[in-house]
Amino acid sequence: MQKLAKREEQIMQVIWTLDKAFIKEIIQELPEPKPHYNSVATMVKILEEKGFLSHETIGNIYQYYPTISKEEYQKHAMKDIVSQYFDNSYSRMLAFFAKEQKLTESELNDIINIIKSTKK
């Protein structure tokens, strides 16, 4: 799975939220300054070529929908981050966040409980 560029990821976030969307709906949900219609249409076409989107024809326009779930992409992106920055060690990643993000004891306990519940 390819990594998404910033604008591609913004578009995918919109489509994951809306489930299906026309270009104009995507533009409405993007942050200011709003990109031009043709720019978004080009990015959507690229996302379709990369296998992230597909479309359904409604009348004479396309409605786009994701072919890869947000969760699938999150798993892939996290594996890349852990590989590139933490030597494939999830414990190093968690230690980094615990130290750098100054997690509270309550947040650390929540993480421990989540880990314990997934091991059952």
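I'll walk you through some aromatic pairs in this structure and then one lysine, K20. Keep in mind that this is a predicted model.

Okay, aromatics. There are five aromatic pairs in the structure. Take W16 and Y73: their rings sit 6.0 Å apart, centre to centre, with 35° between the planes, and that makes the pair tilted. What does this pair link? Distant parts of the chain. W16 is in helix α1, residues 6-18, while Y73 is in helix α4, residues 70-86, and 57 residues separate the two. Both W16 and Y73 are buried.

Now the pair of F86 and F96. Here we've got 5.5 Å between the centres and 55° between the planes, so tilted is the word for this one. F86 belongs to helix α4 and F96 to helix α5, residues 90-100, so the pair ties together parts that are 10 residues apart in sequence. Are these two buried or exposed? F86 counts as buried, at 11% relative accessibility, and F96 is partly exposed, at 36%.

You'll find K20 in the loop between α1 and α2, where α2 is 23-29. K20 is partly exposed, with a relative accessible area of 37%. Which residues does K20 touch, leaving aside neighbours within four places in sequence? I15, E25, E56, Q63, Y64 and Y65. With E56 there's a polar contact between the side chains, at 3.2 Å.

Technical notes. Residues numbered from 1 in each chain as written. Predicted model: local features only at pLDDT ≥ 70, side-chain atom pairs only at ≥ 80, totals over all residues. Heavy atoms only, no water. Phe/Tyr/Trp six-rings, centres within 6.5 Å; stacked < 30°, edge-to-face > 60°. Helix = DSSP H or I, 4+ residues; strand = E, 2+ residues; numbered from the N terminus. Buried < 20%, exposed > 50% of the residue type's maximum accessible area, 1.4 Å probe, protein only. Contact = heavy atoms within 4.5 Å. Polar contact = N/O pair within 3.5 Å; in protein donor to acceptor, adjacent residues only side chain to side chain.
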